[in-house]
Every structure is written in C-alpha cells, then in structure tokens.
Amino acid sequence: MGSFQSLPDDHQYRTLSQKTGFSLDQIAILHNRFKQLSQNEETLRRDDLKTIQDLESNPIRSEIIEAFFDRRNFQKDGVGSVEEIGFEEFLTIMSYFRAPPHHITEEQREEMRRAKLRFLFNMHDTDNDGTITLEEYRHVVEELLSRSGALGRETAKGIADAAMLEVASISVGHMAPDEFYEGITFEHFLKILKGIEIETRMHIRFLNMDTTVLCK
Amino acid sequence: MKMLLLLLLLGFGCGLVFCDQNTSDPHGRRVFPVLSINYDYVQMPFEVSLWILLASLMKLGFHLIPRLSGVVPESCLLIVVGLLVGGLIRVMGKNPPVLDSQLFFLCLLPPIILDAGYFLPIRPFTENAGTILTFAVVGTLWNAFFVGAALYGVCRLESGRLASFDLLSCLLFGSIVSAVDPVAVLAVFEEIHINELLHILVFGESLLNDAVTVVLYHLFEEFAHAGAVTAGDVFLGVVCFFVVALGGVMVGAVYGVLAAFTSRFTSHTRVIEPLFVFLYSYMAYLSAEVFHLSGIMALIACGVVMRPYVEANISHKSYTTIKYFLKMWSSVSETLIFIFLGVSTVAGPHAWNWTFVTITIFLCLLSRVLGVVGLTYIINKYRMVKLSGKDQFIVAYGGLRGAIAFSLAFLLSRDDFPMKDMFLTAIITVIFFTVFVQGMTIRPLVDLLAVKKRKQSKCSINEEIHTQFLEHLLAGIEGVCGHYGHHHWRDKLNRFNKHYIKRCLIGGERSQEPKLISFYNKMELKQALMLLESNSSANLSTAVTAAVPRQRSRKTLNISKEREEEIRKILRANLQKTRQRLRSYSRHTLMPDAEDDDWSETLLRKQRVEMERRMSHFLTVPARRESPPARRAPVESDSRALAARPSVLISISDETSDGPRESRGRKPSVKFALDAEEQKLPRCLSDPGPDQLPEEDEEHIHQTD
C-alpha cells in the first residue's frame, strides 16, 4: 500500500495532507520517523514498533501496537488486522491525535470527538464484536495495574466490575430482574466519557518535532 | 433577626470599651474581697477571643438571612459590619484598632494560603501553568508600571499637593495597588462557582503574583530610601525576583518533604498527625519570611509537595481533621480580615483627594483590562484551549484587590513617604470599589454572559480508568513518534516518583499502591460511609424496601454477631488486601471505641456484599437453573454451612471460568455466590430469581434455630 520513493513526492504528500489534515512539514517529519522505524523499508511491522525503547515501560504497550495494525482504524468498516502497514496507514493513525483546529463548527467538533472515542473503543474491543464485555474491560484494568507489582488480579477484577456496574447504571438505569448487561456499546461508551473533553485531551503537539535528533 | 444583630453589635462595642477600664484599689483598709475584678490579667486573650467569637456570630447571622447571602457576597457584608463596629467605637470615644500588619501577615494570612495551597487542584494548575505565570509575572509588572507611570504623569500635570509625588513613590504605589489579592478572589469566587479553568487562572495568578509584589515593594522602598536608581540596581532587581520566587518554592518544598517523611512514622501516634502538617507549613512560611523570600509561594509549595505522600500515610480521621481545621481557620481569618478592614477604614488618618482617588481607580481598571487582553492575545497562540472573550472578561473583572495591598501600604514609613495617608485612602477606596462593585456584580454578569459553571464532579471510576488509559496511550504515541513532549516527561516524572520518592516517603506497603487502586478504595469508602449515614439505625432489617415480595418480609431477621464474624471470614478470603487497606483508614488509637469500628466495618462489608450481589445480577449469565443443583449439594450436606461456603465460591468460579462449557454461547462471566444475608440489604436494581432464594431461605432458617 502506498509505495514511496526515498525522495519526498510533493503530490503524494499533498493528497495525504488533504486526507489526514496534517501540514506538509508535519508529514515530512512523520515520514522520516516512519522510515527510521521501518529501517528504510516501505512497510512497518509489529516487531519494528516493539523495538521502541520508550514503549518498554508502558503498561498498555501491546494495545498501542495492536491499534496500529487494526483495520477498523483505517477505514469505516474495516474488519480484522493486518500484518504490516504503509506510511498512509501510519499517518491515518497519527491523525487521530491531532488537535481540533481553532475555528470549527459544533458538528465538526462532535465528529472529531466521535472519531477519537471510536479509536479508544476499538482499542478496548479486541474481538471486534461492537461491545466491550466484562472480560475485555477486566483485561484493560489488569493491564493498567500490571506495572504496579503483584497486587492481585482480584483487585483488578473488583475495580473492573465496579466500573461495569457504573456504566450499566448510567446507561441503562433500572433493569428488570432477568436482564443482564451484555457489554458496553459505543453509545454507552460515549455517554460515560462525556465528562472528559476528549477532543482537546487526546492530542499530541505535532508542531515542533525533530525526530532525527532524538533517536529511537 | 435584625434586633439580634444590633444587640451583637452593641455587645461588640461594649466589650471593647471595657478593655481599657482599670479597677483601682481604694485607699485604706480593705475588706477581704470576696468578688473582685481583675480584667488586666485576661485582657489580651479575652479581646482576641471576643473578636473572633463576634466575627463568627456575624457570619452565622448572614447565612440566616435568606436573600441577603445570595445577592451580596459575604466579604461586602463583613466590611460593612467592620465599618459599623468602627463607627460604634469611635462614637464611644475610643480609638478603633487598626489592622496591624504584623498580625495580618503572620497570623491571619497563612491559614488562608495554606488552605488554598493544600487543596490546590494540581492537574488544572499544571496544565495552565504557563498562562498563570504569564498573568502573574508579566501582568503584574505591566499593571505596576502602567499605573505608577500614568499616576506620575497626572501628578505632574496637577498642581498643588500632588506635585510633590516623585516617580519612585508613584511606582511603589502602583506596585502595591496592582496585585490581585488571593483573599478577596477566594471570597468572591467561592460563591459564584465558575468553571475550573477560569477559577484556577484568576486564583493561581493571585497566589503567584506575591513574588512579584514582594520584590517590587522592597525594591522601590529601598530606592526611595537611597534616592537614586542605577542600571545595576535594576539588574539586581531582576535577579532578586528569581531568588525570591525560586527560593520561596525551594524552602516550601524542603519543608514539604520533611513533613512527608515525618508522616511516615506516625502510625503509632495518630493523634498528632494533623499537627505536623500545620507546623511544618507554618515553619516554611516563617522561614521564607525571615529571608524576605515569598512566604506565600513557600506555603503553596509546601502544601502541594507534601499532600500526596501525607495523605497516603495518615489515617482517615486525621485527613478529615486536617481538612476541617484548615477550612475553619481560613474561614475565621477571612472574616477577621474583612471586619478589620472595615474598622481600619474608620480608624486610620485619611487624606482624601478626589483627583488622586478617582484617577487611581480608573487606571487600575484600565491597566487590568489592557493587560489581560494583550497577554491573552499572545498566550492564545500557545494554548490548545483558547481563552474566549468571555473568559478574558471574567479574568479581567475578577482582579480584586484586598487586604494585602492595605497592609503593605500600612507598613510604609511616614518619613520616607509623607503621602502615606493619601496612599492609604486611595487603596482603601480601590479595595472597596473592587470588593463591593465588582464583587456584587460579578455573579449576575456570570449568569448574563452564560459563562460555564463548575460541573458537579461525580466520583467516577470509569473516568479515572479512561483518564489513566489515555495518559499511557499518549505517552506511548509520543514514543512512537519519537517526540519528547508533555506526556513523555510527565510519564517519566511519575515513574521516578513511584520508584524512588514514594518508597522513601510513604511507609509500609502503601508505597506500592497504584493510583487507580487508592482511588477505588477511596470511592468505596465514601460509598460505605454514605451508607452508614443513611442507615442511621443499627437495625438493618428495617432497610428492606417495598420491592421485596411480601412472602419474604417475614424472613428478614436481625443478623447475629456470629453471622457477622462468619461473613467477615468469607469476605476476607476473597478480598484480603483491599480489606486491609480500608482498615488502615478507619482505625484510630484514640479510645477503645471498638463498637464503633466493628459497626462501621460491618457496614462496609455489607455494602461490599450488596455490591457483589448487584454485580452478580448484572453480569451473570441467566443460566441460573444450572447452578443451584451444583450449589445445593455441598451446602446441604454440611451442617456447618459456612465452612462450605468458601469452597462453594471456589467451585463456582472454577465452573464458570471454563468458557467452552457455556452451552448457550454467551460470553463467560463470573457469578458470585449469593449470600443468604443479602436479601436483607436494600434491593436497588434487581431481584434474584424466585427459584433460588427460597432454598437459601430455608437453609438459613434451618441453621439458625
């Protein structure tokens, strides 16, 4: 997908810029980084990302790496995951972390919010079925607590269960005796994270980055 | 109500009049005095206590008058009371006391600042640190110089008394009057509940501009004494600013670390834990004041540094004590400050000059507006969340002046500054203007402009989980980009904190506890305590709601002590570590209050059991028909049913953990064992199925007879 020459091609950059919203400079910088990570090949693999030292101490490392190869993040109705990605997909993932531009309308802001939350949702929903089940949620909490020593899976279970209960009570309210809560759907996910301003918090300052100096 | 207030005022006045009376002994032979008056002996503490008592009664009175507290902010009312009291004293022929600067800076100000610093919301503060610093430093400098220079210009133009003001005096006056006052800002902003961002901007600015004010004040005072200013002096002034600010912060940080370290060893003497917090903070303030460093910044730094570690170490009761004592002291201080402002207004020598005063007020407003607009224009280029026009208006309008300006002016020596009285008058007028006019109108303006209010923060475990997830995600993405930004450094700081600092400063196993778990525990504890408060009677059987079908109501029994012990054992088996952590928050070594502890622990456990039951009903596969036979067998066969329960729990979790065995094809979920006791707890959301509980009921009844 998207084979690039080693010299930056303006036309291709421009199409990418239109698609993802990055400026040409930012795309050039990210392309350098892509080449650095993929050792000058045209595609990136999971192992390439695993070599990044900064990710070593990150508790949700595997989820982050997985997100790069998840087809759902590339296009609307993608399913499954791929083994390797090209620069275009890399840029698409990065575009989820752009800050909202200053003058955008409410609908655009809401759209951006949904897109970012969808990205987060896909990270949790590993089996692609559209809901975050209790098991998946438990897994998330365990990962978060995994770097903090052996505090037991039970505490993680307890926390995940309490969180699930909270989601249920917020989204569904009263439930009949025979019902049970299947899992968090995307709509419920939107509701519980209404308090966090995702569109401003989930961003990286791509403004001034010189990645060639800071290696790895 | 009004009569009551009048009487109180009268009592105030009389009390103060009596202060000066001396009873002199008659000449000649004295009869043995059965009853005598010796007021001098208790004069000082008596007066202080009387002031504080009457101030607090005033505060009480205001809140009893329903409409008043909604319209007029408390600070205004207190100043009016001070004016009345001062007037009363003047009428009685005595000289009203003036707000002594030493008293103000050493006794009245620190509690307010410590309260603000200890409970400073760290996240919004650090996120907006750049903006706050810009407003505090650059904004205050701009204000000081603009007001000073413009005033000098006006004085030059004006002939007469004002012509004697030289540039340095004007600049000094400008620097005193331009500092936004934390006390006034707190007093007014507390009541209007605007959103967090604006609150932290104005409030943070008022705290951090202390360094600038201190430096400018001493600088101009020195220069006025010396007479001439050289370029070298200006350079030294700049250096002085950095020394004052950073020195204050460092002093505060050192004391904060000491306090955190001390709190690690207080597990055996819980009673004096709050004392350490207060003493170390106060010492930080005083130590900074010794070297003319910024005491306010020292106090803030001390509170911020010590808080996470101290809170992990101290007991829950100590935490509550600290919170309430700080609130109490700061409230009393604030009340006294405003009342004294009022009294000092009546007392102090005044030199009223229409031109000076009106020009001052006008210049203050103008410089504030210009400063805020200009700085925001520059700052918005670097901010992610831009400050809109409305935000700028509130920030500009919220720049209130207060007692610090007054006290600083009061400290001026009359020899160097013969126009001190005029300064004082002008400052008092500015203070009154900002507190009354701006303070009273800001609330309707906030409503009119539809500024975002503070949102009710619910303690949500989901938000906490996702916030942490997001932080790690952003740090990871920054790693992938190779970009060392905010998140990367914050992540590094957190890891450094966890590995090195927490190990030193937090005692016991809590040093390893991650934030998520402590948050969860705190939330649980809060919920349990809420349950404790709502069930005011110890008889839990009365809490059965109407949702319980009628045939079960006769089965609700009181829970005996042995049952409680058994429940405790079961739960301990499953939730050991979390339980211990909760224990540490509720234990105290004051008195053998064992019943209290047991009861609260029991209720904590009930709440936990209740929550598990709710969870089981939500998260359970409705394949309950399969499980009861499996459960009943071991339970019935054992006469001591509870010895079997742990094994029942284990067997159930084993059963459901094999996914493929779930024939319905639903996702596996865990079922917690239903305890018979649970039916007595209030049912919130769902009922267990009718097929199960009758068996358990029978079990229960069978065993207790």
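**First stop: a helix of chain A**

Select residues 24–37 of chain A, which form helix H2. This helix has 14 residues and reaches 20 Å from its first C-alpha to its last, close to the 20 Å expected at 1.5 Å a residue. Please bear in mind throughout that the model is predicted.

Next, display the side chains of H2(A). Which residues of H2(A) are buried? They are Gln26(A), Ile27(A), Leu30(A), His31(A), Arg33(A), Phe34(A), Lys35(A) and Leu37(A). When inspecting their directions, recall a general rule: an α-helix has 3.6 residues a turn, so residues three or four places apart point the same way.

Now show what surrounds these side chains. In chain A, the cover of the buried residues of H2(A) includes helix H1 (10–20), strand S1 (44–45), helix H3 (46–50), strand S2 (84–85) and helix H5 (87–95). Chain B also takes part, for helix H19 (461–481) of that chain is included in the cover.

Colour chain A by secondary structure. The chain contains ten helices and four strands, and along the sequence their pattern reads α-α-β-α-α-β-α-α-β-α-α-β-α-α. Chain A has 216 residues, of which 52% count as buried. Among its contacts between residues at least 6 apart in sequence, 57% join residues at least 24 apart.

Where contacts in chain B link residues at least 6 apart in sequence, 82% of them join residues at least 24 apart.

Select residues 182–192 and 420–449 of chain B, namely helices H9 and H18. Their axes come within 10 Å and cross at roughly 30°. H9(B) and H18(B) are therefore roughly parallel to each other, and H9(B) passes H18(B) in a right-handed crossing.

Which residues make the contact? From H9(B), show Val188(B), Phe189(B), Glu191(B) and Ile192(B); from H18(B), show Gly439(B), Ile442(B), Arg443(B) and Val446(B).

Definitions and conventions: Residues are numbered from 1 along each chain as its sequence is written. Chains are lettered from A and ligands numbered from 1 in the order in which they are written. This is a predicted model: local features need pLDDT of at least 70, side-chain atom pairs count only at pLDDT 80 or more; totals for chains, interfaces and linings use all residues. Side-chain values use heavy atoms; hydrogens and water are left out. Helices (H or I, at least four residues) and strands (E, at least two) are DSSP runs, numbered from the N terminus. The expected span of a helix is 1.5 Å times one less than its number of residues. Buried means under 20% relative accessible area, exposed over 50%, partly exposed in between (1.4 Å probe, protein chains only). Contact means heavy atoms within 4.5 Å. Axes are lines fitted to C-alpha atoms, for helices over the stretch in contact, and angles run from 0 to 180 degrees between N-to-C directions. Angles under 35 degrees count as roughly parallel, over 145 as roughly antiparallel, 65 to 115 as roughly perpendicular and the rest as oblique. A crossing is left-handed if the near helix is turned anticlockwise from the far one by less than a right angle, and right-handed if clockwise.
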